[in-house]
Amino acid sequence: MSLSQPREPEQPVLLLEAPPLAARAPQFPAADVDRLRALVHGPVYGAGDDGLAAEVATWNVAVQHTPAIAVGATCAADVAAAVSWAVGHGLGVAVQATGHGPVRDAAGSLLITTRRMRGLSVDPGRRTARVEAGVTWKRVLEAAAEFGLTGLCGSSSGVGVVGYTLGGGLGPLGRRYGFAADHVRAVEIVTADGRLRSLSAESEPELFWAVRGGKGNLGVVTALEIELVPVSGVHAGSIFFAAEDMAEVLHAFRRWVPTLPEEVGTSVAIMRLPDLEFLPPPLRGRTALHLRYAYCGEEPGEGERLLAPMQDAGEVIAGFSGAIGTDEMDSIHMDPVDPMPGWEKGQLLTGLTAEGVEALLAVAGPQAQIPLTMVELRLMGGALARQAAVPNAVAGRDGAFSMLVLGPAVPELAEVVPAVGRGVLDALAPWKAPGAMINFLGDVSGPEEVAAAYPPGVAARLAEVKAAVDPDRVFSFGHAV
Ligand SMILES: Cc1cc2nc3c(=O)[nH]c(=O)nc-3n(C[C@H](O)[C@H](O)[C@H](O)COP(=O)(O)OP(=O)(O)OC[C@H]3O[C@@H](n4cnc5c(N)ncnc54)[C@H](O)[C@@H]3O)c2cc1C
């Protein structure tokens with residue numbers, strides 16, 4: 001079926017799960033693996049080879065990949081060769097850059113690791129960057145900052161640009177500029193037929209629409225051309241309030257956010273912090289409310305003025321506020337840098353009412369004995385709620401807030417953390433908005449839940465594009481569709 005043909009009425013709109021890989025019974029002689037080695041420039045590891053575990057190691061160590069083959073791609077040609085080899089041998093294809101977002105073990109797959117694909121160039125005149133698949137946000141922020149520009153990074157610059165952007169990409173500048181995916185000009189992608197395609201608004205527009213928001217299930221993206229925005233610094237805040245004042249500060253936050261312009265990105269998180277040395281002493285082992293703030297407007301003094309009502313909303317136990325460069329944005333959220341095992345789940349909220357704050361406090365306030373490291377509410381709206389100049393498949397535009405719960409994925413708490421996490425989300429169910437953000441879907445029950453993250457028309461259109469470019473569901477890892 002061509003991408004431009006209308007969908008047949010009887011075609012299913014739900015995105016179907018791939019058959020279990022065991023059912024695909026991958027079998028291949030060792031000589032074929034040697035042929036693959038000769039085809040690619042990067043290393044190739046078979047099951048049982050020394051170095052396989054290190055090659056496929058995740059950042060979120062809750063998931064450990066056990067692929068049949070891993071290919072350390074160095075270039076688009078390596079990716080194309082690996083995809084063609086996998087398809088020829090009946091293997092599904094998975095892809096990993098940093099391992100910040102694995103959904104499940106890519107068992108039995110051919111897993112392409114992209115971290116050697118480090119090409120990055122900034123064109124200050126066009127305000128764009130070409131970013132290869134293995135590049136993290138840190139390098140983009142640093143390179144763009146030299147020209148007074150920045151990219152639409154999220155809370156942590158250790159995350160990969162491509163994986164983050166394909167899932168939407170919500171960051172502190174999002175209310176002003178929209179999702180990262182809204183600022184993709186061109187995509188280079190290897191599809192299941194082994195072809196390297198160049199996508200843009202003019203070239204294969206339907207696939208270009210789908211891949212920006214459709215995450216990893218349409219192919220392996222080898223590079224993106226992204227737009228940079230003219231922001232060199234922000235007035236930032238990263239302020240921890242004492243647990244005793246949590247209720248007061250949360251209500252102040254609720255009253256404050258409707259007064260904010262789109263130039264402000266902000267969130268709050270109820271943190272139960274571990275007693276670990278990487279944290280400042282006042283935060284170790286404490287429960288606290290973390291306010292995150294970034295003003296990216298040009299009005300002098302405005303960032304400080306807008307933040308002022310929150311600064312004395314409660315007792316401050318740690319943190320800072322002030323001007324920072326865009327290459328220092330990690331200091332706002334203070335996400336962990338080292339690998340860790342995490343279980344997470346997100347949903348969207350229609351708003352934050354006084355009753356909503358009380359419901360949240362009842363289940364996650366300081367008195368609650370719960371094993372969740374973080375319960376976060378990010379303010380959305382502004383440009384995030386508007387379709388991109390070149391429309392795309394990004395899910396999650398209908399939320400007024402993004403809510404995310406995160407806990408340790410350790411064997412002792414394997415059942416408790418998901419049960420408690422879902423309970424905290426359910427407590428806010430009266431304010432749940434339709435859909436979800438793909439990057440914050442976390443643990444999913446199955447393909448119906450992934451499809452339900454998208455508005456129905458988008459899910460149907462995405463399924464149609466997927467059926468056209470990947471009819472055998474070669475790309476079925478991750479939880480895009
Ligand atoms: C600490 C932390 C902070 C985060 N902060 C934010 C945030 O502020 N905003 C936000 O929106 N998200 C955020 N995320 C979620 C993050 O954007 C996703 O987990 C994203 O998928 C990570 O991409 P990665 O390449 O780093 O991870 P990986 O685990 O390497 O990749 C995850 C998935 O991305 C897809 N993918 C990666 N590379 C490719 C490729 N070349 N081609 C096709 N598909 C690909 C695949 O589906 C893959 O399974 C955060 C995650 C963490 C752990």
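Q: Is Glu204 buried, exposed or partly exposed, and what is its relative accessibility?
A: Glu204 counts as partly exposed, because its relative accessibility is 23%. Buried would need a value under 20%. Keep in mind that this is a predicted model.

Q: Where does Glu204 lie?
A: Glu204 is in a loop. Strand E8 (196-200) is on one side of that loop, and helix H8 (205-211) is on the other.

Q: What about its backbone, what is the phi of Glu204?
A: Positive, at about 55°. Glu204 has that phi although it is not a glycine.

Q: Next one. What is the phi of Met334?
A: Met334 has a positive phi of about 55°. It is not a glycine either.

Q: Buried, exposed or partly exposed for Met334?
A: Partly exposed, since Met334 has a relative accessibility of 33%. The exposed class needs over 50%.

Q: New topic, the ligand. Which residues come nearest to it?
A: There are 31 residues around the ligand. Ala97, Thr98, Gly101, Leu170 and Lys215 come nearest.

Q: What does the side chain of Thr98 do there?
A: An N or O atom of that side chain lies 2.4 Å from a ligand oxygen.

Q: And which backbone atoms lie by the ligand, say in His100 or Leu170?
A: A polar backbone atom of His100 is 3.2 Å from an oxygen atom of the ligand. In Leu170, a backbone N or O atom is 2.8 Å from a ligand nitrogen.

Q: How much of the ligand does the protein bury?
A: The protein buries 94% of the 950 Å² that the ligand exposes when taken alone.

Q: Which elements give two or more residues to the shell around the ligand?
A: Strand E3 (93-96), helix H6 (161-166) and strand E9 (220-227). H6 gives the largest share, with four residues.

Q: How does that shell divide into nonpolar, polar and charged?
A: The shell has 13 nonpolar residues, 15 polar ones and three charged ones.

Q: What lines the largest cavity?
A: The lining has 16 residues. Gly171, Pro172, Gly265, Thr266 and His333 lie nearest the centre. Seven of the lining residues are nonpolar, six polar and three charged.

Q: Which elements supply at least two residues of that lining?
A: Helix H7 (174-177), strand E11 (264-272), strand E12 (287-295), H11 and strand E15 (374-379). H11 also came up with Met334, whose loop runs between H11 and strand E14.

Q: And the second largest cavity, what is its volume?
A: About 40 Å³. Its lining includes Trp137, Thr165, His183 and Glu227. By class, that lining has four nonpolar, three polar and one charged residue.

Q: Which residues lie nearest its centre?
A: Asp182, Val184, Glu227, Ala389 and Val390, out of 18 lining residues. Glu227 also lines the second largest cavity.

Definitions and conventions
Residues numbered from 1 in each chain as written. Predicted model: local features only at pLDDT ≥ 70, side-chain atom pairs only at ≥ 80, totals over all residues. Heavy atoms only, no water. Near = heavy atom within 4 Å. Polar contact = N/O pair within 3.5 Å; in protein donor to acceptor, adjacent residues only side chain to side chain. Areas by Shrake-Rupley, 256 points an atom, 1.4 Å probe, with all protein chains shown as cover. Nonpolar A, V, L, I, M, F, W, Y, C, P; charged D, E, K, R; others polar. Buried < 20%, exposed > 50% of the residue type's maximum accessible area, 1.4 Å probe, protein only. 1 Å grid on protein atoms, 1.4 Å probe; cavity = no way out; pocket = protein on both sides within 12 Å on 5 of 7 lines; lining within 4 Å. Points joined across faces, edges and corners; volume = space filled by probe spheres on them.
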